[in-house]
Amino acid sequence: MINTDIATKFADRETPFYYYDMDVLARTLEAAHEASQKRGFHVHYALKANFNDVLLKRIQEIGFGADCVSGNEVRKAIECGFTPQNITFAGVGKSDKEINYALTQQIFAFNVESIQELEVINELASKQGVKANVALRINPNVDAHTHHYITTGLDENKFGVPNADLEKCASVLKKCEFIELVGLHFHVGSQITDMTVFKSLCVKVNEWKNWFEERGTQIRVLNVGGGLGIDYKNPDSNSIPDFEAYFDIFDRFLERKPYQEVHFELGRALVAQCGSLISRVLYVKNGVKKNFLVLDAGMTELMRPALYQAYHKIENLSAVETEESLNYDVVGPICESSDCFGKEVPLPDSGRGDLIAIRSAGAYGEVMASRYNLREEIRFVYSDQL
């Protein structure tokens with residue numbers, strides 16, 4: 001929660017900036033750690049959600065691994081203290097340069113998404129004289145019931161080895177002398193709040209695990225990805241996701257043998273609620289049909305609303321709360337009509353210079369920031385430094 005005392009400390013700071021509540025982060029990490037550890041589950045943090053150095057250090061310190069989707073994310077994870085043996089490297093388009101770097105670091109595993117990628121990793125590993133651990137990413141064809149831009153587990157999506165190719169894939173694996181198959185990898189999408197989706201995923205994982213084992217391939221790691229959503233509408237009353245319910249689904253419905261490990265790749269659920277984008281009202285434009293609040297933050301600082309109409313709660317930290325409110329279209333300064341954070345947002349009567357908080361922006365906020373329109377680099381404020 002951004003209370004009045006904290007908001008007062010923002011008064012003289014240049015905006016826009018990301019504000020990170022380190023207490024919320026700590027409580028979220030502890031809840032996820034406790035719920036996963038008591039079930040013997042392994043959690044890898046998805047760096048694509050937020051690779052802020054300060055946050056990464058806290059996540060590494062609690063003992064989570066790293067899930068990376070680029071060579072530079074692998075490099076960043078290692079620089080921030082994650083051990084290579086606790087790093088996975090996913091992504092549908094890994095370059096030779098990225099693969100070679102990850103091989104030299106001896107990371108835990110590559111999540112492989114095509115037969116051709118298997119062959120490339122095998123060739124590059126042979127040149128280095130090393131063996132690469134891989135987990136095959138399989139598309140389970142499970143509907144995540146979320147926005148189509150963040151759905152990844154259907155047959156129509158670009159991710160994973162197509163089911164029709166798995167027989168050939170198993171054959172190719174036997175010929176790859178420099179590859180060790182350590183696991184299977186699944187990920188059905190992001191911002192999933194319907195727990196039955198994860199139950200359906202468990203059924204599919206069980207099927208494919210059995211398919212490989214029936215063909216004589218022992219599977220040591222079952223990586224079920226991430227995707228657990230957060231409550232964007234109630235960031236204060238529901239700041240920590242229900243990790244107990246989430247991990248319990250897999251504990252009850254995922255079939256596994258004593259030697260098998262269960263791995264998760266959580267991103268948004270760990271960091272989204274600790275971050276807010278703080279901005280100022282530059283101008284108020286009240287009209288016949290629309291009232292506009294023009295902020296000094298735009299889609300260059302927070303892309304999600306422009307990219308796929310994502311909702312973020314918007315609060316005026318300066319105005320006195322009253323029973324009466326006005327509806328505003330809250331927009332940014334960027335020369336694009338899509339530069340809008342919310343339409344018809346009910347807020348107290350607002351004025352130039354008011355501080356505005358755009359909540360639940362700790363995931364896919366800072367990492368998507370750009371210099372479009374030659375904007376300044378984004379700034380940061382941490383609660384434990386106020």
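T104 sits in helix α5 (residues 96–105), where helices (H or I, at least four residues) and strands (E, at least two) are DSSP runs, numbered from the N terminus. With a relative accessible area of 48%, T104 is partly exposed; buried means under 20% relative accessible area, exposed over 50%, and partly exposed in between (1.4 Å probe, protein chains only). T83 is 21 residues from T104 along the chain, and their C-alpha atoms are separated by 13 Å.

A word on the ground rules. This is a predicted model, in which local features need pLDDT of at least 70 and side-chain atom pairs count only at pLDDT 80 or more, while totals for chains, interfaces and linings use all residues. Residues are numbered from 1 along each chain as its sequence is written, and side-chain values use heavy atoms, with hydrogens and water left out.

**Strands around β1 and β10**

Let us follow the strand pairing next; two strands pair if DSSP finds at least two bridges between them. Strand β1 (residues 17–20) is antiparallel to strand β10 (residues 275–286), with four bridges, and Y20 has G275 as its bridge partner in β10. Strand β1 also runs parallel to strand β16 (residues 379–382), again through four bridges; here the partner of Y20 is Y382.

Strand β15 (residues 355–358) joins β10 through four bridges in the antiparallel sense, and R280 is bridged to L355. Five bridges connect β10 with strand β11 (residues 291–295), also antiparallel, and V281 faces L295 there. The two strands β10 and β11 make a hairpin with four residues between them.

In a regular strand the side chains alternate between the two faces of the sheet. In β1, F17 and Y19 point one way, Y18 and Y20 point the other way, and all are buried.

**Aromatic rings**

A pair of aromatic rings is described by the distance of the centres and the angle of the planes. Rings of Phe, Tyr and Trp (its six-membered ring) pair if their centres lie within 6.5 Å; planes under 30 degrees apart count as stacked, over 60 as edge-to-face and the rest as tilted. The count by this rule is 17 aromatic pairs. Two of them are set out here.

| Pair | Centre to centre | Angle between planes | Class |
|---|---|---|---|
| Y18 and Y20 | 6.2 Å | 15 degrees | stacked |
| F250 and F264 | 5.0 Å | 85 degrees | edge-to-face |

Y18 and Y20 are both buried, and so are F250 and F264. The second pair links distant parts of the chain, with F250 in helix α9 (residues 243–253) and F264 in strand β9 (residues 261–266), 14 residues apart. F250 and F264 also belong to one aromatic cluster that includes F41, F198, F243, Y246 and F247.

**Cavities**

How many cavities of 30 Å³ or more does the structure hold? There are two. On a 1 Å grid over the protein atoms alone, a cavity is a set of points where a 1.4 Å probe fits but cannot get out, and lining residues have an atom within 4 Å of a point. Grid points are joined across faces, edges and corners, and a volume is the space filled by probe spheres set on the points.

The largest cavity has about 80 Å³ of volume. Its lining has 13 residues, of which M1, D21, V24, Q273 and R359 are the closest to the centre. By class, the lining of the largest cavity divides into six nonpolar, four polar and three charged residues; Ala, Val, Leu, Ile, Met, Phe, Trp, Tyr, Cys and Pro count as nonpolar, Asp, Glu, Lys and Arg as charged, and the others, Gly among them, as polar. At least three lining residues come from each of domain 1 (4–17 + 274–385) and domain 2 (23–270), with bounds from an automatic or database domain assignment.

The second largest cavity holds about 50 Å³. T88, F108, A109, N111, A135, V182, V221, N223 and H263 line the second largest cavity, and β5 (109–112) and β8 (221–223) are the elements giving two or more residues to that lining. Five of its lining residues are nonpolar, four are polar and none is charged.

**Backbone details**

T15 and P16 are joined by a cis peptide bond, with omega about 0 degrees; P16 is in the loop between α1 (4–9) and β1. Q191, although not a glycine, has a positive phi of about 55 degrees. Q191 belongs to the loop between β7 (179–185) and α8 (195–214) and is buried, at 16% relative accessible area. E344, also not a glycine, has a positive phi of about 55 degrees. E344 is in strand β14 (residues 340–347) and is partly exposed, at 37% relative accessibility.

Note on methods: 1 Å grid on protein atoms, 1.4 Å probe; cavity = no way out; pocket = protein on both sides within 12 Å on 5 of 7 lines; lining within 4 Å.
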